[in-house]
Each structure stands twice: as C-alpha cells, then as structure tokens.
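Subject: Structure handover

Hello,

Here is the structure I promised to pass on. Please open it first, then read my notes below.

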Amino acid sequence: CCGFVEADEHRILAFLSACQAGAWPDARMLADTLIAADGVGDLLQAGSRLAHALLQAGRRLPQRHRDDADAETALVIAPAASALIH
C-alpha cells in the first residue's frame with residue numbers, strides 16, 4: 001500500500017476487505033488487533049454492513065487479508081475487472 005496509510009488504517013482496510021470476501025476468521029483476527037475483546041462482535045457487524053454497502057456501490061477492496069492477517073505487509077490481490085478503493 002502507499003506510504004501515506006498508517007498501520008492502523010492498513011489494518012482497517014484489510015479488515016473491510018476480509019468482510020467483503022466473507023473471510024470471517026481473518027476479519028476476526030484483524031478485529032482483535034483493532035479493538036478490545038468486548039467490542040469485536042460489534043466491529044464485525046459494523047464492518048460487515050460497511051463492506052456490503054461498498055460492494056453495493058461498486059467498490060471492491062483489494063483482498064489484503066489473504067496473505068497477512070495483521071495487515072502490515074499484505075499483498076494487494078484483486079480481480080482486474082473490479083473497481084478498487086486504495
């Protein structure tokens with residue numbers, strides 16, 4: 001990802017891409033790095049809703065969660081035909 005995105009922002013983008021892909025174990029691991037344990041369920045629900053809204057708007061995030069669940073060095077892997085955000 002670009003040099004202007006901080007580690008937490010990168011994790012949030014990776015979290016949302018995992019939600020878009022339905023990769024719930026990855027989304028859960030990323031949520032655990034972003035929020036206290038008692039808020040993970042709420043974050044997963046909110047992330048699911050936001051991820052769905054982005055997809056409905058034609059915005060697909062790169063699947064950064066696939067190679068690195070903590071999102072520090074994730075690779076950008078996305079279908080060429082998709083409209084990507086960041």
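**Salt bridges and helix packing**

The side chains of D32 and R28 meet in a salt bridge, with 3.3 Å from N to O. A salt bridge here is a side-chain nitrogen of Lys or Arg within 4 Å of a carboxyl oxygen of Asp or Glu. Both D32 and R28 sit in helix α2 (residues 24-34). They are four residues apart, about one turn of the helix. D32 is partly exposed at 42% relative accessibility, and R28 is partly exposed at 41%. For these labels, buried means under 20% relative accessible area, exposed means over 50%, and partly exposed lies in between (1.4 Å probe, protein chains only).

What is the total under this rule? The count comes to two salt bridges. D8 and R11 also join their side chains in a salt bridge, at 2.8 Å from N to O. D8 is partly exposed, with a relative accessible area of 47%. R11 counts as buried, at 15% relative accessibility.

**How to read the model**

This is a predicted model: local features need pLDDT of at least 70, side-chain atom pairs count only at pLDDT 80 or more, and totals for chains, interfaces and linings use all residues. Residues are numbered from 1 along each chain as its sequence is written, and side-chain values use heavy atoms, with hydrogens and water left out.

pLDDT is the predictor's confidence in each residue, from 0 to 100. Its mean over the protein is 80, and 72% of the residues reach 70 or more. Helix α3 (residues 40-56) has the highest confidence, at 97. The lowest is in α1, at a mean of 92. Take care with residues 70-84, where pLDDT stays under 50. The model has 32 contacts beyond four places in sequence for that stretch. Contact means heavy atoms within 4.5 Å.

**Overall layout**

The protein has three helices and zero strands. Its elements run α-α-α from the N terminus on. Helices (H or I, at least four residues) and strands (E, at least two) are DSSP runs, numbered from the N terminus. Buried residues make up 34% of the 86 residues. Of the contacts with a separation of 6 or more, 58% are between residues 24 or more positions apart.

**How the helices pack**

Two packed helices are described by the angle between their axes and the distance between the axes. Axes are lines fitted to C-alpha atoms, for helices over the stretch in contact, and angles run from 0 to 180 degrees between N-to-C directions. Angles under 35 degrees count as roughly parallel, over 145 as roughly antiparallel, 65 to 115 as roughly perpendicular and the rest as oblique.

Start with α1 and α2. They pack at an angle of about 155°, with their axes 8 Å apart. The two are therefore roughly antiparallel to each other. Their crossing is left-handed. A crossing gets that label if the near helix is turned anticlockwise from the far one by less than a right angle, and is right-handed if clockwise. Which residues meet? From α1 and α2 respectively, D8, R11, I12, A14, F15, A18 and C19 meet W24, D26, A27, L30, A31, T33 and L34.

Next come α2 and α3. Their angle is about 120°, and their axes are 10 Å apart. That makes α2 oblique to α3. W24, A27, R28, A31, D32 and L34 of α2 make the contact with V40, L43, L44 and S48 of α3. α2 passes α3 in a right-handed crossing.

Last, α1 and α3 pack at about 75°, with axes 8 Å apart. That makes α1 roughly perpendicular to α3. On the α1 side, the contact is made by F15, L16, C19 and Q20. On the α3 side, it is made by L43, L44, G47, S48, L50, A51, L54 and L55.

R49 has its place in helix α3. Is R49 buried or exposed? It counts as exposed, at 57% relative accessibility. The C-alpha atoms of R49 and Q20 are separated by 9.3 Å, though 29 residues lie along the chain from one to the other.

H52 also lies in helix α3. At 49% relative accessibility, H52 counts as partly exposed. Its C-alpha atom is separated by 9.8 Å from that of A21, 31 residues apart along the chain.

Best wishes
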